[in-house]
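Here is a short walk through one protein chain. Keep the sequence and the 3D view side by side as you read.

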Amino acid sequence: MIKRKVKKTPFYFFRFLARIFVLNLPIIVALVFLIFLGKVNLLTAFYFFISFFVLSVIWTIYVFHEQEQFISYLKDLSQGRDVDLPHVHKGIFGSFRLADAFLSVKHRWSNQTISADRILENLPHPLFLINENENIVFINKMGRNFFGDDVLHQPMHSFFKELDFSKAFEQLLSDKSKQEWFEWDFEDDGFYSFQVRLEKLPAPAKNGGVIVMVMHDITQLKLFKQQQADFFANASHELKTPLSVLSGFIETLQGAAKDDEVAREKFLNLMAEQTDRMTHLVQDLLVLSKIQMTEKNTQKDVILILDLLQSVIDSLELKASARHKKIELKLVHDIPRLIGNKTELLHVFQNLIDNAIKYSLDSQPITIEAMNINSIPTIKISNKCEKITPDMKEKLFDKFVRVDSTLTRTTRGTGLGLYIVKGLAEAMKINLSLESDEHFTITLEFSDYVK
């Protein structure tokens, strides 16, 4: 804290003399009146006036000094300087109790300022205070985490080289606008997108800041919108193909093949296949929609995993036998009861085992192993299939992706099965991994189980 001395200017002494004159004026008038009436003589009046004048000077010096200290203190505070409170509260007159009241208000302001600083420091968004020269005079914790600790006092244009920022800054400084918004995208170690809001402060801050800037992270929202747009574009494309085929077949049956029974039978079978394809696609799209709407699903079932696997195997046994394939369930270790959404986990295993049946080589078994690896319940689904390239392996869990092989070209599929499996696994916090050498093996590790 700074201990401030009262600055004595010529106006200080003029004010001092004026107060003494005002204080003594009633006495002078009273003495002149008494002398005029003959109640006191001139010498007595002179002695009385001199005595009162000396006392008034002493009193005025004391009072005036305390008042000037208090006025200077208020001026310092108004200019943002933090100084010690003068000892005016030691005065003997009630008027000086104002100092005590002001001191309590000052402490309250100080505490409120500290609270406001803490709030700004811990905001979940990067926040900057910028002075008139476009230099950063304050940055909160989130901003430092994002931009680094050495950005303080750096010019803002070193970060924002876009014209949008300069234009917004000029609009605010010239009072042509109260708030400015713009979006800012950039890439560093990843893609980031922010919605930036700038607003002029009602008065300059202590550190000289005149503009406050808050950056709202909209990266996930922007990525979601892009994924949504891509998803609907792909879905529309996938639905367009079977619809076009159906439209062509209907047109042919209404025209040239109207009375051709052989052609009609052939086309109707093909139309049934395309209808079946669209049905599966719509079902998969509904599952995807449900995953997106219930990402924070709180349903927790206690699941006997072996019973669940056996029910899936029983439902797919006929399909596997028709393709001369066998499903083998092996219990390597006792698996504890799992905790999760039973319906969704059933869908995961149905998709994985069904894929294994469709894409494994003829007469090759599909093996399902239940074990504990480092005390973590683990399920491995393995089948022998055509070799998958490393590039395709990376994309296998993406939307509408199918491996280009002789098996996939002769097998119907929407390209959404593994994408759905990945979404459901992430929702249930299941670690999903893929190995592809001689065998295609998908491993599921469960973190949530009855311990």
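**A walk through the chain**

Residues 24 or more positions apart account for 60% of the contacts in the chain with a separation of 6 or more. Contact here means heavy atoms within 4.5 Å. This is a predicted model: local features need pLDDT of at least 70, side-chain atom pairs count only at pLDDT 80 or more, and totals for chains, interfaces and linings use all residues. Residues are numbered from 1 along each chain as its sequence is written, and side-chain values use heavy atoms, with hydrogens and water left out.

Start with the overall picture. The chain has twelve helices and twelve strands. Helices (H or I, at least four residues) and strands (E, at least two) are DSSP runs, numbered from the N terminus. The accessible surface comes to about 28300 Å². Carbon and sulfur atoms hold 57% of that surface. Such areas come from the Shrake-Rupley method with a 1.4 Å probe; for residues, only the protein chains shown count as cover. Of the 451 residues, 34% are buried. Buried means under 20% relative accessible area, exposed means over 50%, and partly exposed lies in between (1.4 Å probe, protein chains only).

Now look at the surface. Which residues form a nonpolar patch there? They are Leu 43, Phe 46, Tyr 47, Ile 50, Phe 53, Val 54 and Ile 58. Together they have about 680 Å² of accessible area. Patches are made of residues with over 30% relative accessible area and no salt bridge; like charges are joined within 9 Å, and nonpolar side chains (Val, Leu, Ile, Met, Phe, Trp, Tyr) within 5 Å. Take Val 54 as one of the members. Val 54 sits in helix α2, residues 42–78. Val 54 counts as partly exposed because its relative accessibility is 43%.

Next come the charged pairs. A salt bridge is a side-chain nitrogen of Lys or Arg within 4 Å of a carboxyl oxygen of Asp or Glu. How many salt bridges does this rule give? The count is seven. One of them joins Asp 185 and Lys 222, at 2.7 Å from N to O. Asp 185 lies in strand β3 (residues 179–187) and Lys 222 in helix α6 (residues 219–254), so the pair ties together parts that are 37 residues apart in sequence. Both partners are partly exposed: Asp 185 has 34% relative accessibility, and Lys 222 has 27%.

Asp 354 has a salt bridge with Lys 319, with the closest N and O atoms 2.5 Å apart. This pair links distant parts of the chain, 35 residues apart: Asp 354 is in helix α9 (residues 342–359) and Lys 319 in helix α8 (residues 305–322). Asp 354 is buried, at 15% relative accessible area, while Lys 319 is partly exposed, at 30%. Asp 354 also forms a salt bridge with Lys 358, where the closest N and O atoms are 3.7 Å apart. Asp 354 and Lys 358 are four residues apart in helix α9, so about one helical turn separates them. Lys 358 counts as buried, at 12% relative accessibility.

Finish in a strand. Thr 441 is in strand β12, residues 439–446. Is Thr 441 buried or exposed? Thr 441 counts as buried because its relative accessibility is 11%. Its side chain makes a polar contact of 3.1 Å with the side chain of Ser 382. A polar contact is a pair of N or O atoms within 3.5 Å; within protein, one must be able to donate a hydrogen and the other to accept it, and residues adjacent in sequence count only if both atoms are side-chain atoms. Leaving aside neighbours within four places in sequence, Thr 441 is in contact with Lys 380, Ile 381, Ser 382, Ser 433, Leu 434 and Glu 435.
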